[in-house]
Amino acid sequence: EHRSKHPNVPPVWTECWTGWYDVWGVPHHKRPIEDLAYSVARFIAIGGAGVNYYMYFGGTNWSKPMYLQATSYDYDAPLDEYYRPTAKSLHLA
């Protein structure tokens, strides 16, 4: 649909979520590496020109309360909240 409406504009995936946020009391969300890598490869294969990973590295809002949300918002990111590479980062490199 993008190509038909905008033939001279390359398709860009602006928020490719590497995972999902957590709320208090719910198990940590994880997006399988295979699912993420396949989704990106499929997008590129159909003509996608660029991918922006939303939450490439995690973070923590230590001591700042958030309503029903855990203080760690690493989103199962390719780099953890201490900027260490995870297995997911190796698949995206």
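**A walk through the predicted model**

The protein exposes about 6600 Å², and carbon and sulfur atoms supply 61% of that area. The structure is a predicted model. Of the 93 residues in the protein, buried residues make up 30%. The protein has three helices and two strands, and along the sequence they follow the pattern α-β-α-β-α. Among contacts with a separation of 6 or more, 47% are between residues 24 or more positions apart.

Which residues of α2 are buried? They are I33, L36, S39, V40 and F43. Seen down the axis of α2, these buried residues fall within an arc of 140°, so they line one face of the helix. An α-helix has 3.6 residues a turn, so residues three or four places apart point the same way.

What covers the buried residues of α2? The cover includes strand β1 (12-17), strand β2 and helix α3. The face of α2 turned away from the buried side carries the exposed residues E34, Y38, R42 and A45.

Is A37 buried, partly exposed or exposed? Its relative accessibility is 26%, so A37 counts as partly exposed, because that class lies between the limits of 20% for buried and 50% for exposed. The C-alpha atom of A37 is separated by 9.6 Å from that of T18, a residue 19 residues apart from A37 along the chain. Just after α2 comes G47, which takes a positive phi of about 110°.

The next topic is the aromatic rings. A pair of aromatic rings is described by the distance of the centres and the angle of the planes. A search of the whole structure finds four aromatic pairs. One of them is formed by Y53 and Y56, with 5.8 Å centre to centre and 50° between the planes, and this pair is tilted. Y56 has a relative accessible area of 30%, so Y56 is partly exposed.

F57 and Y83 form another aromatic pair, also tilted, with 5.2 Å centre to centre and 45° between the planes. Both F57 and Y83 lie in the loop between β2 (50-54) and α3 (87-92), and the pair therefore ties together parts that are 26 residues apart in sequence. F57, with a relative accessible area of 41%, is partly exposed, whereas Y83, at 53% relative accessibility, counts as exposed.

D80 is found in the loop between β2 and α3. Is D80 buried or exposed? At 14% relative accessibility, D80 counts as buried, because buried means under 20% relative accessible area. The side chains of D80 and R84 are joined by a polar contact of 2.6 Å. Leaving aside residues up to four places away in sequence, D80 touches F57, G58 and T86.

How values were computed:
Residues numbered from 1 in each chain as written. Predicted model: local features only at pLDDT ≥ 70, side-chain atom pairs only at ≥ 80, totals over all residues. Heavy atoms only, no water. Buried < 20%, exposed > 50% of the residue type's maximum accessible area, 1.4 Å probe, protein only. Phe/Tyr/Trp six-rings, centres within 6.5 Å; stacked < 30°, edge-to-face > 60°. Helix = DSSP H or I, 4+ residues; strand = E, 2+ residues; numbered from the N terminus. Arc of directions from axis to C-beta. Contact = heavy atoms within 4.5 Å. Polar contact = N/O pair within 3.5 Å; in protein donor to acceptor, adjacent residues only side chain to side chain. Areas by Shrake-Rupley, 256 points an atom, 1.4 Å probe, with all protein chains shown as cover.
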